Amino acid sequence: MNTPCCERMATDIHHRCSVHSERSDCPDAFIAEVRGGYGLMVHDGGSSVVEIAFCPLCGSKLPEIGEPDHFLSEDEEGD
Ligand SMILES: [Zn+2]
Ligand SMILES: [Zn+2]
């Protein structure tokens, strides 16, 4: 897990909504951790994340996002 670059990032990542048990269901959830880096959550009904290289809140350079673990076995996707 990364150390968030700024207070607002930390607040978002650790935010727990009382209405939505999953962050992916909550439109208030903004930032997601992605393979060592960060992304913007896309609330399209799935769990899409737009990978980002810089923090949209403070402008800091973010850690690089790693390759997907299942890069060679996309068929096995699913929670
Ligand atoms: Zn919510
Ligand atoms: Zn930041």
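What follows is a short chat about the fold, the sheet, the core and a few single residues of this predicted model.

Me: What kind of model is this, and what pLDDT do local features need?
Reply: It is a predicted model, in which local features need pLDDT of at least 70, side-chain atom pairs count only at pLDDT 80 or more, and totals for chains, interfaces and linings use all residues. Residues are numbered from 1 along each chain as its sequence is written, and chains are lettered from A and ligands numbered from 1 in the order in which they are written.

Me: OK, how many helices and strands are in the chain?
Reply: The chain has one helix and three strands. Helices (H or I, at least four residues) and strands (E, at least two) are DSSP runs, numbered from the N terminus.

Me: In what pattern, read along the sequence?
Reply: The pattern is α-β-β-β.

Me: What order do the strands have in the sheet?
Reply: The order is β1-β2-β3, in an open sheet of three strands with antiparallel pairing. The edge strands are β1 and β3 (49-52), each of which pairs on one side only. From one strand to the next, the twist averages 40°. For that angle, axes are lines fitted to C-alpha atoms (for helices over the stretch in contact), and angles run from 0 to 180 degrees between N-to-C directions.

Me: What counts as pairing, and through what do strands pair in general?
Reply: Two strands pair if DSSP finds at least two bridges between them. In general, strands of a sheet pair through backbone hydrogen bonds, either parallel or antiparallel.

Me: How many bridges join β1 to β2?
Reply: Four bridges join them, and the two strands run antiparallel. Ala32 stands opposite Gly39 in β2, and Val34 stands opposite Gly37.

Me: And β2 with β3, how many bridges there?
Reply: That antiparallel pair also has four bridges. Met41 has Val49 in β3 as its bridge partner.

Me: What do β1 and β2 form together?
Reply: They form a hairpin with two residues between them. Arg35 is in the loop between β1 and β2, and has a positive phi of about 45° although it is not a glycine.

Me: Why does Arg35 count as partly exposed?
Reply: Because Arg35 has 15 C-beta neighbours inside 10 Å. A residue is buried if 20 or more other C-beta atoms lie within 10 Å of its own, exposed if 12 or fewer, and partly exposed in between, with C-beta atoms placed from the backbone.

Me: How much of the chain counts as buried, then?
Reply: Of its 79 residues, 9% count as buried.

Me: Which residues are in the largest nonpolar core?
Reply: There are six: Met9, Ile31, Ala32, Tyr38, Met41 and Leu62. The elements giving two or more residues to this core are β1 (31-34) and β2 (37-41). A nonpolar core here is a set of buried Ala, Val, Leu, Ile, Met, Phe, Trp, Tyr and Cys residues joined through C-beta atoms within 7 Å. In soluble globular proteins, nonpolar side chains tend to be buried together.

Me: What is Ile31 in contact with?
Reply: Leaving aside neighbours within four places in sequence, Ile31 is in contact with Met9, Asp12, Ile13, Tyr38 and Leu40. Two residues are in contact if their C-beta atoms, placed from the backbone, lie within 7 Å.

Me: Back to Gly37. Where does it lie, and what does it touch?
Reply: Gly37 lies in strand β2. Not counting residues up to four places away in sequence, Gly37 touches Glu51, Leu62, Pro63, Glu64 and Ile65. Gly37 and Ile65 are 28 residues apart in sequence and 4.4 Å apart in space, C-alpha to C-alpha. Gly37 is partly exposed, because it has 17 other C-beta atoms within 10 Å.

Me: New topic: where is Cys6, and what does it touch?
Reply: Cys6 lies in the segment before α1 (7-14). Beyond four places in sequence, Cys6 touches Cys55, Leu57, Cys58 and Ser60. The C-alpha atoms of Cys6 and Leu57 are separated by 7.9 Å, and these residues are 51 apart along the chain.

Me: And where is Cys55?
Reply: Cys55 is in the segment after β3. Its contacts beyond four places in sequence are Cys5, Cys6, Met9, Ser60 and Leu62. Between Cys55 and Cys5 there are 7.7 Å, C-alpha to C-alpha, and they are 50 residues apart in sequence.
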